[in-house]
Amino acid sequence: PARADWLRRLPKTELHLHIEGTLEPELMFALAQRNGVTLPYPDVDALRAAYDFHNLQSFLDLYYAGAGVLLTEADFYDLTWAYLERAHADRVVHVEIFFDPQTHTERGVPFETALAGIRRALVDGEAKLGIGFRLILCFLRHLSEDAGFAALEQALPYLDRIDGVGLDSSEHGHPPEKFERLFARCKQLGLARVAHAGEEGPADYVWQAIRLLDVARIDHGVRALEDDTLVAYLAEHRIPLTVCPLSNIKLRVFDTLADHPLRTLLERGLVATVNSDDPAYFGGYVGENWQACADALDLTRAELVQLAKNGIEASWMDDAAKARWY
Ligand code: ES4
Ligand code: ZN
């Protein structure tokens, strides 16, 4: 129908995307073969059948195992390029993607191998597909703050190629306060900061991310709605939330998309954006996230335009680039 067509053509941003979460089963098997890695599944269908998650941790276990096929610079390039082509088909004009260096360095893959492959694809994506980009190094919160400092140490020679840092992985029991000193150091180094908070964790973790990590955005943040003072603060300071609707359903944060509070976030004046998180695992890229929300919540064109504008506002593109899309 006309609305689906219009929505497909709407210029979009993607501000919450784990590049390791774009590893499709087909590519996982192809890279396993190329690299002589044996996967614990006989074929693509058996692997896909295992994507039946009941919470964040059950997903993360598979996500970290899957990343084990990524060994060479070419692997990271192919992964990122496949994502960019997919994003381009959804009319994504700007991406800010996460990568998890600790997932790779712990396996003996050098920091610069992952960085170089991802960056080279992003540079090609800008030249050939017109997709602007930023790159965000995520620290794994289930590991220690010292491990995070070690990852930052490895990144120091490459900081001209990294735009910001984030905080991801298992939220329960790993509050933002665990990383206060690490993020203070990142701030000193001139790195922008974001953090996953209020996905499975409580609204208090969102407060901690703001007050202790001084973040520019909150990744997920849907549980902020449990705290009216926090909602007012986020609205007043225009701190964006990078919301991932299909992710929230797959990981059982909400039962169905019809129960998702995306419209409520807009009604409360929050800078909510739509993103895909780990699209190879959660059943949809950014276009499918938009279409599924538009359908399940019967979003108006005005609401959809607001979400698109929020993505531009929340992004770290420069002002000239923002002006192009407003
Ligand atoms: C993640 Cl959905 C989600 N939450 C936290 N950490 C992650 N890493 C990759 N996907
Ligand atoms: Zn995420």
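Residues are numbered from 1 along each chain as its sequence is written, and chains are lettered from A and ligands numbered from 1 in the order in which they are written. Because the model is predicted, local features need pLDDT of at least 70 and side-chain atom pairs count only at pLDDT 80 or more, whereas totals for chains, interfaces and linings use all residues.

The largest nonpolar core comprises 91 residues. Such a core is a set of buried Ala, Val, Leu, Ile, Met, Phe, Trp, Tyr and Cys residues joined through C-beta atoms within 7 Å. A residue is termed buried if 20 or more other C-beta atoms, placed from the backbone, lie within 10 Å of its own, exposed if 12 or fewer do, and partly exposed in between. Ile118, Val206 and Ala209 have the most contacts inside this core. Its largest share, seven residues, is supplied by strand β3 (residues 132–140); strands (E, at least two residues) and helices (H or I, at least four) are DSSP runs numbered from the N terminus. When residues up to four places away in sequence are not counted, Ala209 touches Pro176, Ala195, Ala197, Val215 and Ile218, contact being defined by C-beta atoms, placed from the backbone, within 7 Å.

Asp277 counts as buried because it has 31 C-beta neighbours inside 10 Å.

A positive phi, near 75 degrees, is also found for His220, which belongs to strand β6 (residues 217–220). His220 has 28 C-beta neighbours inside 10 Å and therefore counts as buried. Most residues other than glycine have a negative phi.

The axes of helices α5 (residues 73–89) and α7 (residues 111–129) come within 7 Å and cross at roughly 35 degrees. Axes are lines fitted to C-alpha atoms, for helices over the stretch in contact, with angles running from 0 to 180 degrees between N-to-C directions. The crossing is right-handed, that is, the near helix is turned clockwise from the far one by less than a right angle. Residues meeting there include Phe76, Trp81 and Leu84 in α5 and Ile118, Leu122 and Leu129 in α7. The contact comprises 11 nonpolar, five polar and four charged residues.

Helix α1 (residues 2–9) and helix α15 (residues 286–297) have axes that come within 10 Å and cross at roughly 145 degrees, again in a right-handed crossing. Ala4, Leu7 and Arg8 in α1 meet Gly287, Trp290, Gln291 and Ala294 in α15. Four of these contact residues are nonpolar, two polar and one charged.

Glu267, in helix α13 (residues 262–267), is exposed because 11 other C-beta atoms lie within 10 Å.

Definitions and conventions. Two residues are in contact if their C-beta atoms, placed from the backbone, lie within 7 Å. Ala, Val, Leu, Ile, Met, Phe, Trp, Tyr, Cys and Pro count as nonpolar, Asp, Glu, Lys and Arg as charged, and the others, Gly among them, as polar.
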